[in-house]
Amino acid sequence: MKASEFSDAFEEARQEKGIGKMNDQNDPVTMVLRHKEVRKCAHNWKTFQSGAEPGRIVIPSEVNIRDTRQIPFEVDPPMHKTFRDIVDPWFKRPLEADYQNGLTKIIEGVVAKALNSNSIEIVSEFSLPLQSRALTYLLNTPYSDADLWISWGTHVFRSEDSDLDAGKANILYDYIDKEIDRAIENPSEDLYSMLLASEVNGKKLTKEEVKGVIILTFSGGRDTVINAVTNSISYFAEHPKSLEIIKEKPEMINNAVEELVRYFSPLTQMGRVVTEDTHVCEHAVKADTRISLCWASANRDEKVFENPNEVVLDRKINPHVGFGFSHHNCLGATHARQILRILLSILSKEVTSIEVLEAKENIENLDNFERKIGFDSLTVKFNK
Amino acid sequence: MAKITFITSDNESVTVEGTSGSVMELAVNNNIKGIDGDCGGVCSCATCHVYVAPDSVAKTGEASELENDMLEFDDLTNEYSRLSCQLQVSEDLDGVIFKVAK
Ligand code: FES
């Protein structure tokens, strides 16, 4: 199988039952697999809540490794909107031309380095630095901070031998605590300072709330962006014509990015806690159990997408849920989209072909399902 | 050439002219507040939600099934809702008024 082929792990279960089951640390999950049902459940925040015990809606659950509530992600309406109104303008800055110019310079630097190497490992030497440097830009913190974050590796909670590494999480938390104290003493133009100066219902955000937003910013956009970038590189390597086509028709870039996000679905699923006995796809789910909104399955739903298992770079109508759906849609989506759009634009102009030298797949194990989510490593050569 | 009017949520009315592209693109190019067009017009983000003025409905026509599916789960949806990325700018839209949902 080609490196860039990602099969649909949920096809059979989605067609036959509409749901899947998995056990996550003795807190089982009913996975919702159909596009329409996923969107329906995502919209129904009263029955399927986000504001549960911190860490519980994440799969694998992070209940055992954190107490800090991630904001606005683990808050339900109407408070959710209050927080979202504070952070949205900040996270929408990637729509501005100036912001895009700055981001372009960062990504040009990463691509130039790849072009000058004989071979490059994309996950750790390309996507990780790209994501980390772009994050300095999003937080409006010094560019050099990225070096520290790069040293932490590709996931803030996961390490080589564990899906949930508390020691690793604590490094991030200590770092964030210090940054918040610094911003209290010396306010600047960064996200910490903006949050510390903000109010909810007439009260300044607490340090814990600021920390909750920052943890979300670090963890939410980390492996997702890294996978999206790495997987896209594998696609272009094995479909060299597509870079040529994009070069000729740069107006396609937008559709191409949305399609790559649909196909690769960088985040497989997100959980919710059920607040009352109810049904999904005619299967009973009990109060205080968990469901998951399986974006990856919804994005391959044959009832919605023609040729769901093919990358159709110029797919016009593409109601994918790669960035989630409804109130809790991805806060970093605008930033992620700009990263991918700029990356495609630069690659199509600067790179003629990419050769895959070695690929080691990263397979997510979800009990009954095995899903390829990206690569542990992908070594390639870029040709000018 | 079509003259199209947007009324934003703070009740500002802006009339702009366009010949091609989608209504979302026209709005974004003219910095109409409340229309972001995050997904670039592929019907995935709903950040281009508008209400068609009742007497303009005849000119805009009906939403497609996928567009309606998308709007079905938006709290702000009403019978005049459209995703402006799914509306093409043409002479037919001359004089149409859109209220921005957000
Ligand atoms: S611009 Fe995204 S749905 Fe219209």
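This is a predicted model: local features need pLDDT of at least 70, side-chain atom pairs count only at pLDDT 80 or more; totals for chains, interfaces and linings use all residues.
We can begin with the mixed sheet of chain A. Five strands make up this open sheet, and their order is β1-β2-β10-β7-β3 in chain A, with mixed pairing. The edges are taken by β1 (19–22) and β3 (48–49) of chain A; each has a single partner strand, so one side of each is left without a neighbour in the sheet. Further in, strand β2 (residues 29–32) of chain A runs parallel to strand β10 (residues 290–293) of chain A, and 4 bridges join the two. Within this pair, Met31(A) lies opposite Ser292(A) of β10(A). Helix α2 (residues 35–43) of chain A packs on the sheet, where it touches β2, β3 and β10 of chain A. The direction of helix α2 of chain A makes about 120° with that of β10(A).

A second open sheet in chain A is antiparallel and has 3 strands, in the order β4-β12-β11. Here β4 (120–121) and β11 (353–366) of chain A are the edge strands, each pairing on one side only. Two bridges link β4(A) to strand β12 (residues 369–383) of chain A in the antiparallel sense. One residue pair to look for is Ile120(A) with its bridge partner in β12(A), Val380(A).

Helix α3 deserves a view of its own. This helix (residues 79–91) of chain A contains 13 residues and spans 18 Å from its first C-alpha to its last, close to the 18 Å expected at 1.5 Å a residue. The buried residues of α3(A) are His80(A), Phe83(A), Arg84(A), Ile86(A), Val87(A), Asp88(A), Trp90(A) and Phe91(A). These buried residues of α3(A) pack against helices α5 (122–139), α8 (191–196), α9 (207–220) and α14 (333–350) of chain A, and also against strand β5 (199–200) of chain A.

Finally, the cysteines. Over all chains, the structure holds 0 disulfides. A disulfide is a covalent bond between the sulfur atoms of two cysteines. For Cys41(A), the closest cysteine sulfur is that of Cys281(A), and because the two sulfurs are 7.5 Å apart, they are too far for a bond. Cys41(A) counts as buried because its relative accessibility is 3%. In chain B, Cys85(B) also counts as buried, at 6% relative accessibility.

Conventions:
Residues are numbered from 1 along each chain as its sequence is written. Chains are lettered from A and ligands numbered from 1 in the order in which they are written. Side-chain values use heavy atoms; hydrogens and water are left out. Two strands pair if DSSP finds at least two bridges between them. Contact means heavy atoms within 4.5 Å. Axes are lines fitted to C-alpha atoms, for helices over the stretch in contact, and angles run from 0 to 180 degrees between N-to-C directions. The expected span of a helix is 1.5 Å times one less than its number of residues. Buried means under 20% relative accessible area, exposed over 50%, partly exposed in between (1.4 Å probe, protein chains only). A disulfide is a pair of cysteine sulfur atoms within 2.5 Å.
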